[in-house]
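Biologist: I have the coordinates open and would like to go through them with you. Could you take me through the parts one by one?

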Amino acid sequence: MCLALASKLAERNIGISGLGIGKEWNDIFLDVLATRTGGSSAYIAQPQDIKRLLLEKFNALAQTYADDVTLSLNPVDGVELSYAFRLERDPVAIPVDDQLHLGAILQDASTRVIFEYIIQPKAVKSDLLTVLDGMLKVSIASHPMPVPSLRLHLSRPISDNPETDPPPPQIVQALSRLMLYRMQERARKELEEGQVESATRHLRVLASNLLTQGERSLAQTILLEVDHLQEKHALSAEGSKTMNYGTRAL
Amino acid sequence: MIICTNCQHKNVAGAMFCAECGAQLDGVETLITQAITDEQIAAELNKKAARQDPVSTPVNSWISLHLMDSGKILPLASRNEFTLGRLSEGQPIMPDIDLTPYQAYASGVSRLHAVVKRDADRVLVMDLGSSNGTYINGRRINPHVEESLNHGDIIALGKLKIQVLLRNI
């Protein structure tokens, strides 16, 4: 019922921002609730964080240039959007649907979203492949008239001899961090399916990767969770949230 | 399909990082060349001489040990076999890796506790008849029996927990 209500709010351009305080709350549910409206959730481990986070939220509201930024996707044969993640601002996984709620755009600040596609061979019909075809709808309060939707069309050339230029380092960097977040997502999903051993293995790998990237504190937290997992076959309430929000913040 | 050279996991074509172990997949080039001046080189060399980087890895290091309680990472190189243990006064045989500075005594590490070695493309650990045992991921292993180690495994010498970080072997 809450999620249905969130969907209705999204239709009315009302966003939800979630703050989870303490340990005993469902972070997955809060994420889903907030992201349905283009919002995000935050984890408050200490009471003194509440004021800081609220101030950030209010400042963001004051600096909003456009809100209710929604990308409506037209289906493209053989091309599947498998994952979407907002890198900046308020990093969060965006639920993949025909309509992607991308959140607000602030003045003098960028919003960056990364999309992962799975492209089947049947999608290749010519030397140009359409990856994205859709409309971007925004609402700009300072404009007296509604802003017309923007048509978005992204295509890539297809060749038997592709260029060997490396991908932009910003994308590689973003993907390397996102990989860590998705690894903990995967481990949590495996746990839900009862695959404790597999989840444990992936969490250990995640901790190793965090260590090599210098994230020692988060790696330690995850290794403690591995111990907890081995004893109780479940993650601790606090540790799982630290893992979720910690990897997201990378 | 792209096969990860680290863990042999099959990844979808186009993936940049292995979904199983997180290693960067072959063919993904991230280095960007940039011109640097002689002054920058000299400054970097001077910085390196003064800095002691506890996490720097020798070129031929095939394994690092992450001591989980202290957070210290010990990269190991130049040999294929290392004994782990605790130095004791008057002891004639010394372990290759002395864990005394890392609360080894309090953790129940024996003087010659275990050996970690590389055998072709495998990494093995063997308990040397220690008093408090050697564990792999919580499971106690039998003395004098070699057991395989994987990247990320946690071995415990008594109560001293060490995570094993392997480079491509």
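Modeller: Let me begin with a strand pair in chain A of this predicted model: strand β8 (residues 128-139) of chain A and β9(A) are paired in the antiparallel sense, with 8 bridges between them. Within that pairing, the bridge partner of A:Thr130 in β9(A) is A:Ser155.

Biologist: Which sheet order do β8 and β9 of chain A belong to?

Modeller: They belong to an open sheet of 4 strands in chain A, ordered β6-β3-β8-β9, in which the pairing is antiparallel. From one strand to the next, the twist averages 25°.

Biologist: Which strands stand at the edges there?

Modeller: The edges are taken by β6 (99-106) and β9 (150-157) of chain A, and because each has a single partner strand, one side of each is left without a neighbour in the sheet.

Biologist: How many helices and strands does chain A have, and what pLDDT does it average?

Modeller: Chain A has 7 helices and 9 strands, and its pLDDT averages 84, with 99% of the residues scoring at least 70. Among the elements of chain A, the highest mean pLDDT, 91, belongs to strand β7 (residues 112-119), while the lowest, 79, belongs to strand β2 (residues 41-44). Of the 250 residues in chain A, 30% count as buried, and of the contacts in chain A with a separation of 6 or more, 59% come from residues 24 or more positions apart.

Biologist: Switching to the helices, which residues of α6 in chain A are buried?

Modeller: In α6(A) the buried residues are A:Leu218, A:Ala219, A:Thr221, A:Ile222, A:Leu223, A:Glu225, A:Val226 and A:Leu229. What covers them includes α5 and α7 (237-248) of chain A, together with β13 (160-166) of chain B. As for its span, α6(A) has 17 residues and reaches 24 Å from its first C-alpha to its last, close to the 24 Å expected at 1.5 Å a residue. After α6(A) comes A:His233, which has a positive phi near 60°.

Biologist: And how many residues of chain A are in contact with chain B?

Modeller: There are 17 residues of chain A in contact with 18 residues of chain B. On the chain A side, α4 (169-192), α5 (196-212) and α6 (216-232) each supply at least two of the residues that touch chain B. By type, the residues on that side divide into 11 nonpolar, 4 polar and 2 charged.

Biologist: Over to chain B, then: what does β13 pair with?

Modeller: β13(B) pairs with β12(B) in the antiparallel sense over 4 bridges, and B:Leu157 stands opposite B:Leu160 in β13(B). The two strands form a hairpin with 2 residues between them, and B:Gly158 in the turn has a positive phi of about 65°.

Biologist: Which residues of β12 are buried on each side?

Modeller: Both faces of strand β12 (residues 154-157) of chain B are covered, with B:Ile154 and B:Ala156 buried on one side and B:Ile155 and B:Leu157 buried on the other. Strand β9 (residues 134-136) of chain B also pairs with β12(B), in the antiparallel sense over 3 bridges, and there B:Tyr135 has B:Ala156 as its bridge partner in β12(B).

Biologist: What is the order of the open sheet of 5 strands in chain B?

Modeller: The order is β6-β5-β7-β8-β11, with mixed pairing. At its edges stand β6 (97-98) and β11 (147-149) of chain B, each with a single partner strand, so one side of each is left without a neighbour in the sheet. Within that sheet, strand β5 (residues 81-85) of chain B runs antiparallel to strand β7 (residues 112-119) of chain B, and 5 bridges join them; B:Leu84 stands opposite B:Ala114 in β7(B).

Notes. Residues numbered from 1 in each chain as written. Chains lettered and ligands numbered in written order. Predicted model: local features only at pLDDT ≥ 70, side-chain atom pairs only at ≥ 80, totals over all residues. pLDDT = per-residue confidence, 0-100. Pairing = 2+ DSSP bridges. Contact = placed C-beta atoms within 7 Å. Nonpolar A, V, L, I, M, F, W, Y, C, P; charged D, E, K, R; others polar. Buried ≥ 20, exposed ≤ 12 C-beta atoms within 10 Å, placed from the backbone. Expected span 1.5 Å × (residues − 1). Axes fitted to C-alpha atoms, helices over the stretch in contact; angles between N-to-C directions.
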